[in-house]
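Welcome, and please open the model in your viewer. We will go from one selection to the next and look at what is there.

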Amino acid sequence: IVAKTFLSEKIKDLKTSTFKRKKSNINNFIAWFGNAEIKDITKKNAGDYVSFLRKSKNPAPATIRNIVFDIGSLFTWAHGRGYINNNPFQKLDLPKNKNSYQSRRPWKDEHLMLFLQSEYIDRNVFFATVVSMYSGMRLDEICDLQNKNIEDNCFRVEKGKTKAAVRDIPVHPLIQPIIDKLKASAKDEYLISAINSGGYDNKRSWNFQKKLGRLRKKIGIPIEINFHTLRNTFATRMENRGIPANHISQLMGHKDNNMALDTYSAGMKIEPLVESINKLTYGDEIDSFIKDTLKN
């Protein structure tokens with residue numbers, strides 16, 4: 001009853017995907033513990049549930065933290081409303097990350113060629129990879145691209161978690177041919193077709209991201225190199241070409257970390273960004289391979 005009351009309030013405050021995840025994690029805990037009095041749940045019960053999760057599903061440490069946070073938010077709310085005297089999910093001893101974020105690194109040339117030349121790579125995977133390489137776009141932004149989002153030789157990202165994520169990105173000349181082909185052949189308006197949406201928020205990138213993970217493992221790409229680190233690769237290449245930091249931030253959908261620009265600027269004109277994106281190269285071998293592959 002307390003959980004239902006809590007969720008009936010939170011549905012008005014949270015994004016649909018966040019609410020669905022929170023609801024699922026809370027209901028899973030109730031199913032495991034049983035529908036008992038909320039005041040009877042102890043810190044040991046909370047710790048036992050963490051042990052159960054690790055033993056039965058062995059999720060990543062970050063996933064466990066998210067689950068505990070979602071369940072703990074119910075108990076924090078219940079404490080504030082007088083249902084309980086303390087939150088048993090606070091200050092739990094949780095598994096630590098094994099420096100997963102620190103170990104992530106950009107793609108080297110040999111990794112890019114190994115991946116792009118693999119027999120396991122299909123048209124959609126190749127397209128998504130090269131678009132990320134030459135635009136710095138996130139996977140969900142690429143999966144959501146429609147014909148209407150490409151205009152005046154620019155990708156138009158219409159939504160994101162922050163204001164900076166909404167932006168125009170000039171199409172790199174090397175990938176312009178495949179963009180034109182995909183626009184002409186897109187049957188369902190999406191440039192990447194035949195993707196099944198999934199996850200709490202029904203994202204088109206959800207299943208596609210899992211597919212990319214399986215492919216990297218199959219091909220032999222190191223675990224610390226994933227699709228998202230193509231953005232690291234893009235930023236590193238642009239920086240090494242002498243592109244100004246504010247251009248890179250604008251292209252990638254990041255804040256500029258300049259208070260005056262972030263607060264008062266309406267955004268950079270597209271012409272300087274076109275100049276910057278046109279300077280991007282991955283070297284003759286990779287550029288030539290991609291160019292030749294796109295012709296076919």
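Rings of Phe, Tyr and Trp, the last by its six-membered ring, count as a pair if their centres lie within 6.5 Å. Keep in mind that this is a predicted model.

**Stop 1: the aromatic rings.** Select Phe 29, Trp 32, Phe 33, Tyr 49, Phe 52, Phe 75 and Phe 89, which ring pairs link into a cluster. A search of the whole structure finds 14 aromatic pairs. One of them is formed by Trp 32 and Phe 33, with 6.4 Å from centre to centre and 40° between the planes, a tilted arrangement.

Stop 2: Now show the strands. You will find an open sheet of 3 strands in the order β1-β2-β3, paired antiparallel. β1 (150–151) and β3 (167–170) are at the edges with a single partner strand each, so one side of each has no neighbour in the sheet. Select residues 154–157 to see strand β2, which is joined to β3 by 4 bridges. Within this pairing, Phe 155 has Ile 169 of β3 as its bridge partner.

Stop 3: In general, nonpolar side chains of soluble globular proteins tend to be buried together. Next, centre the view on Ile 175 and look for its contacts with Val 130, Val 131, Tyr 134, Phe 155 and Leu 294, leaving aside residues up to four places away in sequence.

**Stop 4: charges over rings.** Select Arg 204 and Tyr 190: Arg 204 lies over the ring face, 3.8 Å from the ring centre. Then move to Trp 206, where the charged end of Lys 210 sits over the ring at 4.8 Å from its centre.

**Stop 5: the cysteines.** Finally, select Cys 143 and Cys 154. Cys 143 is buried, with a relative accessible area of 0%, and Cys 154 counts as buried because its relative accessibility is 5%. How many disulfides are there? With a cut-off of 2.5 Å between sulfur atoms, the count comes to 0.

Terms used: Residues numbered from 1 in each chain as written. Predicted model: local features only at pLDDT ≥ 70, side-chain atom pairs only at ≥ 80, totals over all residues. Heavy atoms only, no water. Pairing = 2+ DSSP bridges. Helix = DSSP H or I, 4+ residues; strand = E, 2+ residues; numbered from the N terminus. Contact = heavy atoms within 4.5 Å. Phe/Tyr/Trp six-rings, centres within 6.5 Å; stacked < 30°, edge-to-face > 60°. Lys NZ or Arg CZ within 6 Å of the ring centre and 35° of its normal. Buried < 20%, exposed > 50% of the residue type's maximum accessible area, 1.4 Å probe, protein only.
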